[in-house]
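User: I have just opened this one and have not looked at it before. Could you walk me through it?

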Amino acid sequence: MKALKLFYCKYSRSLLPLICYNIITSIREGHNVKILVVDDSKLARLTLIKTLKEYEPSAEIYEAENGEIAVELFKSENPRVVFLDLTMPVMDGYEALKLIMEMDPCAQVVVVSADIQAQAQEQVLALGAKLMVPKPINSDKMLVVLQQLVF
Amino acid sequence: MQTDEFTGDHLDVLKELMNIAMGNATASIADLLQAFGTMHIPHLAITDMDGLKNYIDDALGSYERYYVTKQLFGGIIGGEFIFVMTDESAANLGNYLYDVSQPNDADIMDAVIELTNILSSTIISRLTEELKTKVQFFAPSTEIISGNLLIGDEETLNYHKIIIVSTVMEFQSHKISGQIFILARDETIVRLRELIDQKLEELYA
């Protein structure tokens, strides 16, 4: 049984009425968590969604092929987790991450990128990303990611 | 469908694999230069020799002198890796790697070859690793040429239908950048398509 808790968000400095549970547990208990997958490559989105579905078969997945669409979907759907690529046309992941964090400082954004430079990681973590994972994502990496998405 | 035909899915897969390979290469060069590299979206085109010449003219512009390093690779898939730097970028690279304000031509040439070796081996190795195959590398050669002479008679004879994978390596803080072109030969296009089909089958399984 899940406990309803008030969640203190250190960024907005307020108590928010969030249900406190980790994503894996919530899925097992039948909740459809909204997850946004953002990548300009269809292959990358398919790969990520396939590995995600291994652990969260009933997740409600939204897809975006660039940062601009991602920001719009984040605004309208308020997903619990965003998997975000960095190198994309129209609006890149850095800009999208910045806008998403401005909209919701508690957003859980996992950057999944081919850019494995230490400075890229520092930059996205400074912008508010929760984690950065090198591409290509696989089952092992996904499990580690999901285990860390705990409120 | 002809065996050498590429669908949008094939191109998307190749582009994404190139993106992953370029990410690895950028990180290696970032270590060498102790700087942050900006990643660019790879471009892909399937064309003939005339199309290749037009593509390279468009990509390189009207700059006069380029350091061009070419490296052949072969195996299940084969082709040519071409790395192009303006002489200004090459001088900046020589300047940084040799830590001298006026590097001589031999230093610059050596620095360009070193950089290209890292780029080509990292990119092609990662690309082939993702496609579950292997290639052999041949010794690279560097020369200084003008842009419109980039594609010589040898390439004209070797290539008919070509896949061009191109992207940019850019380290703004050091004013070092370069264009990368990977040319795949006729038979490689068929092999690449088969390897990508295997990858897609695994994905959809």
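What follows is a conversation about the two chains, their elements and a few residues.

Analyst: Please keep in mind throughout that this is a predicted model.

User: Ok, start with chain A. How many helices and strands are there in it?

Analyst: Chain A has six helices and seven strands, and from one end of the sequence to the other they follow the pattern β-β-α-β-α-β-α-β-α-β-α-β-α.

User: And in what order do the strands of its open sheet come?

Analyst: The order is E4-E3-E5-E6-E7 in chain A, five strands in an open sheet with parallel pairing. At the edges are E4(A) and strand E7 (131-134) of chain A, each of which pairs on one side only. On average, and ignoring direction, neighbouring strands of this sheet are turned by 20° against each other.

User: How many bridges join E3 to E4 there?

Analyst: Five bridges join E3(A) to E4(A), and these two strands run parallel. As for one position along them, Val38(A) stands opposite Ala64(A), which belongs to E4(A).

User: Which strands do the helices H2 and H3 of chain A lie across?

Analyst: Helix H2 of chain A, residues 42-55, lies across E3, E4, E5 and strand E6 (108-113) of chain A, and runs at about 150° to E3(A). Helix H3(A) lies across E3, E4 and E5 of chain A, and runs at about 170° to E3(A).

User: Let's stay on H3 then. Which of its residues are buried?

Analyst: In helix H3 of chain A, which spans residues 67-77, the buried residues are Gly67(A), Ala70(A), Val71(A) and Phe74(A). Looking down the axis of H3(A), one finds these buried residues within an arc of 100°, so they line one face of the helix. Glu72(A) and Ser76(A), on the other side of H3(A), are exposed.

User: What covers the buried residues of H3(A)?

Analyst: The cover includes strand E3 (34-38), strand E4 (60-64), strand E5 (81-84) and helix H4 (93-103), which are elements of chain A.

User: What is Leu52(A) in contact with, apart from its neighbours in sequence?

Analyst: If neighbours within four places in sequence are left aside, Leu52(A) is in contact with Ile35(A), Ala59(A) and Met142(A). There is also Ile137(A), which is 85 residues from Leu52(A) in sequence and 9.7 Å from it in space, C-alpha to C-alpha.

User: How much of chain A counts as buried overall?

Analyst: Of its 151 residues, 35% count as buried. When the contacts in chain A between residues at least 6 apart in sequence are taken together, 62% join residues at least 24 apart.

User: Changing topic: how does chain B run?

Analyst: Chain B comes to six helices and seven strands, and from the N terminus on its elements run α-β-α-β-β-α-α-β-β-α-β-β-α. Buried residues make up 42% of the 205 residues in this chain.

User: And what is its radius of gyration?

Analyst: Chain B has a radius of gyration of 17 Å, which agrees with the value near 17 Å that a compact globule of 205 residues would have. Taken along the principal axes, its C-alpha atoms fill a box of roughly 55 × 35 × 25 Å.

User: Where is Asp87(B), and what is it in contact with?

Analyst: Asp87(B) is in helix H3 of chain B, residues 87-98, and counts as partly exposed, with 15 C-beta neighbours inside 10 Å. Leaving aside neighbours within four places in sequence, Asp87(B) is in contact with Arg65(B) and Tyr67(B). The C-alpha atoms of Asp87(B) and Arg65(B) are 5.9 Å apart in space, although the two residues are 22 apart in sequence.

User: Last one: how many residues are in contact between the chains?

Analyst: There are 18 residues of chain B in contact with 17 residues of chain A. On the chain B side, the largest share, 13 residues, comes from helix H1 (residues 8-33) of chain B. By class, that side has nine nonpolar, five polar and four charged residues.

How values were computed: Residues numbered from 1 in each chain as written. Chains lettered and ligands numbered in written order. Predicted model: local features only at pLDDT ≥ 70, side-chain atom pairs only at ≥ 80, totals over all residues. Buried ≥ 20, exposed ≤ 12 C-beta atoms within 10 Å, placed from the backbone. Helix = DSSP H or I, 4+ residues; strand = E, 2+ residues; numbered from the N terminus. Arc of directions from axis to C-beta. Contact = placed C-beta atoms within 7 Å. Rg over C-alpha atoms; globule rule 2.2 N^0.38 Å. Pairing = 2+ DSSP bridges. Axes fitted to C-alpha atoms, helices over the stretch in contact; angles between N-to-C directions. Nonpolar A, V, L, I, M, F, W, Y, C, P; charged D, E, K, R; others polar.
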